[in-house]
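Hi everyone, thanks for making the time.

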Amino acid sequence: MVFYFSGTGNSHYAAAKIAAETGDIAYDIAEIVNGRFPTNGKRDVTGFVFPVYYSGLPEIVKRFASDSSTQLNLGVYVYSVITCGASIASADKLLAKTLGVNIDYSAQLVMPDNYVVMYNPSSKDEAMETLSAASNEIDRICNDINERRIVVRKGVKNDIATAFMYPTYNLFRRTGKFYADDKCTGCGKCERFCPDEAIKIKDGKPEWVKKKCQHCVACINSCPVEAIQFGKKTSERRRYCIEKLAK
Ligand SMILES: Cc1cc2nc3c(=O)[nH]c(=O)nc-3n(C[C@H](O)[C@H](O)[C@H](O)COP(=O)(O)O)c2cc1C
Ligand code: SF4
Ligand code: SF4
């Protein structure tokens, strides 16, 4: 089983390709955590595919990985493929610690950066180039998984990055600065796309109904008319999601 979480589609793309190339099935962690899918069943291989957030785990992945029923059903070979804009630091070690097991195989997968609330995502050409390299890298990773290779990443610098960066995630994942501007058509896509049930359409416009969310940036990047903003800077920035890139 391949368990994945994805905000803007990179990790979903990777998980679907890995599942196809390793003869497995990919399951959305958000669907499971929100009670829409059972996790029971024995497995030989268990994979985790998700984006790194602040050098660590998305909150929903941490919650899922610390769930005792997940631990009980882990396979004999456990791997993680963590997507990032630049570096996953020691997010893989954090996953192992949260699961309470050793991870047999860990890979860092560089994909287009999506964190528009902090910086301008790559141009379409740059994103296409990164995605093409990532696609080749996934083929190599699948080969490793199919051969059950053991790969453990190490590095003190990675540990330091995770130790310092990850605690800030909980401070920055507030929703207070999200709003929809006048371009909003009330289509409801942001509510449907949110993996954290943090958005509700009220009087034809989205409202952020939780104080904190995953900060997966699916809403702001997927809005068809780019109506969602976060604070003052995002109106000048590009948007990135794999769905738009494919068009
Ligand atoms: C909240 C948040 C925090 C992020 N933190 C990091 C980071 O610490 N290091 C990094 O290289 N990329 C970081 N990124 C970039 C994403 O990990 C990367 O673009 C990922 O492939 C997105 O995957 P998705 O499309 O499946 O959501 C961050 C993105 C978000 C939304
Ligand atoms: S996706 Fe965009 S246009 Fe549609 S309701 Fe949300 S903010 Fe409005
Ligand atoms: S509100 Fe937006 S950023 Fe937060 S979890 Fe939902 S889709 Fe992701």
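Let's begin with Thr8, which sits in the loop between strand S1 (2-4) and helix H1. Helices here are DSSP runs of H or I with at least four residues, strands are runs of E with at least two, and both are numbered from the N terminus. A quick word on what we're looking at: this is a predicted model, where local features need pLDDT of at least 70 and side-chain atom pairs count only at pLDDT 80 or more, while totals for chains, interfaces and linings use all residues. Residues are numbered from 1 along each chain as its sequence is written, chains are lettered from A and ligands numbered from 1 in the order in which they are written, and side-chain values use heavy atoms, with hydrogens and water left out.

Back to Thr8: is this residue buried or exposed? Thr8 counts as buried, because its relative accessibility is 6%; buried means under 20% relative accessible area, exposed over 50%, and partly exposed in between, with a 1.4 Å probe and protein chains only. The Thr8 side chain makes a polar contact with the side chain of Asn114, at 3.0 Å. By polar contact I mean a pair of N or O atoms within 3.5 Å; within protein, one must be able to donate a hydrogen and the other to accept it, and residues adjacent in sequence count only if both atoms are side-chain atoms. Not counting residues up to four places away in sequence, Thr8 also touches others, including Cys216, Val217, Tyr240 and Cys241, where contact means heavy atoms within 4.5 Å.

Cys216 comes up again around ligand 3, as one of the closest residues, along with Cys194, Trp208, Cys213 and Cys219. The shell has 14 residues, each with a heavy atom within 4 Å of the ligand. By class, that makes eleven nonpolar, two polar and one charged. Here Ala, Val, Leu, Ile, Met, Phe, Trp, Tyr, Cys and Pro count as nonpolar, Asp, Glu, Lys and Arg as charged, and the others, Gly among them, as polar.

Ligand 2 is surrounded by 13 residues, and the closest are Cys184, Cys187, Gly188, Cys190 and Cys223. That shell has nine nonpolar, three polar and one charged.

How is the protein chain divided? There is domain 1 (2-171) and domain 2 (174-246), with bounds from an automatic or database domain assignment. Their C-alpha centres lie 23 Å apart, and 33 residues of domain 1 are in contact with 22 residues of domain 2.

Asp181 is buried, at 16% relative accessible area, and its side chain makes a polar contact with that of Lys183 at 2.8 Å.

Now over to Gly56, in the loop between strand S3 (45-51) and helix H3 (59-65). Gly56 is buried, at 0% relative accessible area. Its C-alpha atom is 6.9 Å from that of Leu94, 38 residues apart along the chain.

Last stop: Glu147, in the loop between helix H6 (124-146) and helix H7 (156-172). Glu147 is partly exposed, at 45%, and its side chain makes a polar contact with the side chain of Arg149 at 2.7 Å. Arg148, which follows H6, has a positive phi, near 55 degrees. The buried residues of H6 include Leu131, Ile138 and Asp144, and their cover includes helix H1 (10-22) and strand S4 (77-84).
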